[in-house]
Amino acid sequence: MNKTLSKSQKEKLSVLAMLDAEDSKIPANPGIHSGANKAGEFEKLFEASTKEQDFKVGDVVTGTVVEVQSDYVLVDINYKSEGLIPINEFRIVDGVRQVKAGDKVEVLIDRIENENGMIALSKDKADMLRAWSDISKAAENEEIIEGLVVAKVKGGLSVDIGVKAFLPGSQIDLRPVRNMDVYLGKKYKFKVIKFNKKRGNIVLSRRAILEQERDSLKAQTADQMKEGATVVGLVKNITDYGAFIDLGGLDGLLHITDMSWGRIKHPSEMINVGDEIKVKILKYDTEKERVSLGMKQLTDDPWANVHSQYAIGSKHKGKVVSVAEYGAFVELGEGIEGLIHVSEMSWTKRVKHANQMVQVDQQVDVQVLAIDTENRRISLGMKQLQANPWLEMKETYPPGTIIEGEVKSITDFGVFVGIEEGIDGLVHISDFSWTKRVNHPSEMFAKGQKVRAVVLGVDTENERFSLGIKQLEGDPWSQIETKYGIGTQHDVKVTKTVDFGAFVELDTDIEGLIHISELTTEKVNSVEDVVKPGTVIKAEVITIDKDARKVGLSAKLVKLREQKGDVDEYVKKATATSKTSLGDVFGEQLKGLKKD
């Protein structure tokens with residue numbers, strides 16, 4: 001019940017209680033004049049207790065919270081009645097209203113008495129007046145104020161500094177801000193750069209403070225910027241090619257190639273925005289204020305001891321980090337990679353792409369084949385860790401061994417014949433036939449055809465197996481001078497005519513040429529005026545070139561001999577360029593023939 005009494009009522013009850021206590025001390029029936037005096041004292045006491053302070057609308061005073069109700073808060077400002085403040089003027093933090101009985105609060109007197117006879121108070125207006133006063137002072141003196149970012153608005157952010165103020169997007173940070181959400185709910189320091197109390201217009205800048213801090217730090221940092229020095233910085237931004245590090249008012253670039261001696265695909269594999277890291281100053285351009293930084297330079301270069309750690313011939317385990325058509329890169333240790341060329345992956349497989357043998361992240365056993373420290377290259381091999389079948393092949397198939405196999409493939413220069421699994425031998429086109437002229441291997445062989453061949457040799461170093469087919473038979477040209485010696489005459493069949501003469505068949509797969517000038521003693525305009533394919537004529541062998549496998553014949557010389565003409569001079573001219581001439585063999589006989 002007492003909760004609904006006003007202050008004046010409470011004070012009146014208090015005074016009456018006091019007077020009752022005094023009356024109890026007076027003897028009974030004191031007389032009328034004594035009672036009248038007591039009544040006068042009561043009036044004086046009541047008037048003193050209800051004496052008002054000089055309150056005016058608009059005053060800001062300090063009061064004490066008497067009671068917190070559902071809609072209002074009762075505040076005692078030492079007036080004849082409590083004042084009412086709407087409860088929504090008090091903030092809620094973590095779901096709890098920040099007000100309780102006994103709290104001291106600054107309030108503004110809105111009205112002396114409302115319709116209920118109570119004084120109307122406002123905490124918001126008091127806060128606003130105080131805030132405007134502080135802001136005005138801060139703007140005049142360029143002081144720093146603190147505020148809470150409460151919302152995103154068009155063109156920037158809304159900040160609570162006691163009153164709502166505007167923070168333009170260009171004034172949030174030193175660099176353009178793409179995501180303003182990260183600032184919501186956070187407190188920052190600001191400078192007031194525009195202030196108009198009449199219009200309620202306040203513009204803030206956080207950038208102005210950051211620029212001052214940066215300039216101050218930059219001056220201090222510049223003194224420490226010496227090439228080779230180690231400094232601590234904060235990761236500000238990460239890109240595909242590196243990261244920007246805040247060194248204290250001065251930004252430096254840490255390029256991805258200077259982060260690790262090893263291979264990394266993206267800077268985020270090693271650092272994150274906000275990380276504090278140690279870096280080494282590689283280069284400092286004072287004019288352009290550009291700083292190049294390095295992380296890997298803080299540790300020893302692994303290539304400095306590569307020869308002792310990865311000696312040629314040594315065996316290691318590594319991880320495949322990259323695969324290309326020509327080979328695979330293997331990480332042997334931090335900052336040390338080697339290449340396995342496709343030719344070093346298998347003794348017998350024809351590897352067209354490295355992914356036929358290995359995949360990224362696969363663990364592989366390798367052997368070091370070569371080291372190039374200048375270019376930071378290591379050549380690795382996989383096949384070297386397995387037995388070399390080519391060494392066994394050389395012992396198993398010595399030269400002269402006859403093999404039988406299937407034609408695996410046909411090329412312009414020969415055919416490959418399968419010998420064992422993964423190993424083919426090459427029959428070069430020049431080893432097809434002793435005598436036959438072959439324009440293309442497909443004229444004689446087809447893929448899948450079974451053939452016999454002779455082993456000509458095994459080249460273990462270059463991994464080549466040479467075969468021959470013509471070597472299965474003896475070389476008919478080895479006996480050519482015995483069977484078709486110079487000066488011997490033979491009946492030969494014309495096989496083909498050309499502008500410069502006629503090709504004739506001496507024996508199976510052995511051809512000879514009768515030049516147009518050697519067809520007859522008469523003048524010849526066209527070869528086919530004298531002979532045609534299929535014509536059989538008698539001709540004499542006049543030249544033999546075993547190396548070039550050519551035999552020259554003359555039908556004209558046969559006629560001259562029959563006519564017993566002067567053949568001595570003719571033979572000299574005909575055999576002048578021959579390695580084995582008619583004059584050398586039959587010189588004496590020719591001299592006798594001339595005398596006859």
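Which residues lie nearest the centre of the second largest pocket? In this predicted model, they are Thr435, Lys436, Arg437, Glu511 and Arg549, out of a lining of 25 residues. Two or more lining residues come from each of strand 28 (489–498), strand 29 (501–507), strand 30 (510–515) and strand 32 (550–554). Strand 30 contributes the most, with 4 residues. The space in this second largest pocket comes to about 640 Å³. Its lining divides into 10 nonpolar, 5 polar and 10 charged residues.

Arg549, one of the residues nearest the centre of that pocket, is placed in the loop between strand 31 (536–545) and strand 32. Its phi is positive, at about 55 degrees, although Arg549 is not a glycine. Most residues other than glycine have a negative phi. Arg549 counts as partly exposed because its relative accessibility is 26%, which falls between the limits of 20% for buried and 50% for exposed. A positive phi, near 55 degrees, is also found at Arg376, again a residue other than glycine. Arg376 belongs to the loop that links strand 21 (363–372) and strand 22 (377–381). With a relative accessibility of 39%, Arg376 is likewise partly exposed.

The largest pocket holds about 1100 Å³ of space. It is lined by 35 residues, and those nearest its centre are Asp173, Leu174, Arg175, Lys236 and Asp251. By class, 15 of the lining residues are nonpolar, 6 are polar and 14 are charged. At least two lining residues are supplied by each of helix 4 (207–224), strand 13 (230–238), strand 14 (242–246), strand 15 (251–255) and strand 17 (290–294). The greatest share is that of helix 4, with 5 residues.

Strands 13, 14, 15 and 17, which each supply residues to that lining, also take part in a barrel. The barrel is closed by 5 strands in the order 13-14-15-17-16, with mixed pairing. On average, and with direction ignored, neighbouring strands of this sheet are turned by 50 degrees against each other. Strand 13 and strand 16 (residues 276–285) run antiparallel and are joined by 5 bridges.

Another barrel is formed by 5 strands in the order 1-2-3-7-6, and its pairing is mixed. From one strand to the next, the twist averages 55 degrees. Strand 1 (residues 60–68) and strand 6 (residues 104–111) are antiparallel, with 5 bridges between them. Val61 has Val107 as its bridge partner in strand 6. Helix 3 (residues 123–141) lies across strand 1, strand 3 (83–86), strand 6 and strand 7 (119–122). Relative to strand 6, helix 3 runs at about 105 degrees.

A further loop position is Lys383, located between strand 22 and helix 6 (389–396). Is Lys383 buried or exposed? Lys383 is buried, because its relative accessible area is 5%, and the limit for this class is under 20%. Apart from neighbours within four places in sequence, the contacts of Lys383 are Ser343, Glu344, Met345, Ser346, Trp347 and Glu463.

Key:
Residues are numbered from 1 along each chain as its sequence is written. This is a predicted model: local features need pLDDT of at least 70, side-chain atom pairs count only at pLDDT 80 or more; totals for chains, interfaces and linings use all residues. Side-chain values use heavy atoms; hydrogens and water are left out. On a 1 Å grid over the protein atoms alone, a cavity is a set of points where a 1.4 Å probe fits but cannot get out, and a pocket is an open set with protein on both sides within 12 Å along at least five of seven lines; lining residues have an atom within 4 Å of a point. Grid points are joined across faces, edges and corners, and a volume is the space filled by probe spheres set on the points. Ala, Val, Leu, Ile, Met, Phe, Trp, Tyr, Cys and Pro count as nonpolar, Asp, Glu, Lys and Arg as charged, and the others, Gly among them, as polar. Two strands pair if DSSP finds at least two bridges between them. Axes are lines fitted to C-alpha atoms, for helices over the stretch in contact, and angles run from 0 to 180 degrees between N-to-C directions. Buried means under 20% relative accessible area, exposed over 50%, partly exposed in between (1.4 Å probe, protein chains only). Contact means heavy atoms within 4.5 Å.
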